[in-house]
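Sequence and structure come first.

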Amino acid sequence: MTRETLAEQAAGWSDGRRAWQIHCRDVVNRERCLTVVVDKGRVVLMGPPGETAVLSAGQLGQLRTVLREAADQAER
């Protein structure tokens with residue numbers, strides 16, 4: 001997934017923060033999402049409630065890209 005595609009997927013929160021969602025699966029193969037949010041200069045990862053996120057190689061690449069973009073935003 002390209003950086004532009006990820007930017008298009010980034011959702012805005014009502015207070016102006018950005019959030020990204022990375023689709024993944026849990027340990028029993030149900031569809032889930034990891035959410036990445038920048039909050040007061042910190043990058044916050046929110047996993048599926050009470051679950052473990054299992055990422056494919058492609059999903060891991062998406063997470064790496066999102067974390068890099070979130071870190072850049074947190075440093076501003």
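In this predicted model, Glu31 and Arg25 join their side chains in a salt bridge, at 3.5 Å from N to O. Glu31 is exposed, with a relative accessible area of 58%. Arg25 is partly exposed, at 32%.

The whole structure holds 4 salt bridges. Side chains of opposite charge can pair when their charged atoms come close.

| Pair | N to O distance |
|---|---|
| Glu31 and Arg25 | 3.5 Å |
| Arg32 and Asp26 | 3.7 Å |
| Arg42 and Asp39 | 3.3 Å |

Asp26 also belongs to a salt-bridge network with Arg30 and Arg32. Asp26 is buried, with a relative accessible area of 3%. Asp39 has a relative accessible area of 18%, so Asp39 counts as buried, the cut-off being under 20%.

Now the nonpolar surface. Val27, Val28 and Val54 form a patch there, with about 270 Å² of accessible area together. Val27 sits in the loop between strand 2 (18-25) and strand 3 (31-39). Val27 is exposed because its relative accessibility is 62%, over the 50% cut-off.

What pattern does the protein follow along the sequence? It reads α-β-β-β-β-α, with 2 helices and 4 strands. Of the 76 residues, 32% are buried. The accessible surface is about 4900 Å², and carbon and sulfur atoms account for 50% of that. Among contacts between residues at least 6 apart in sequence, 42% join residues at least 24 apart.

Note on methods
Residues numbered from 1 in each chain as written. Predicted model: local features only at pLDDT ≥ 70, side-chain atom pairs only at ≥ 80, totals over all residues. Heavy atoms only, no water. Buried < 20%, exposed > 50% of the residue type's maximum accessible area, 1.4 Å probe, protein only. Contact = heavy atoms within 4.5 Å. Areas by Shrake-Rupley, 256 points an atom, 1.4 Å probe, with all protein chains shown as cover. Patch = residues over 30% accessible without salt bridge, like charges linked within 9 Å, V, L, I, M, F, W, Y side chains within 5 Å.
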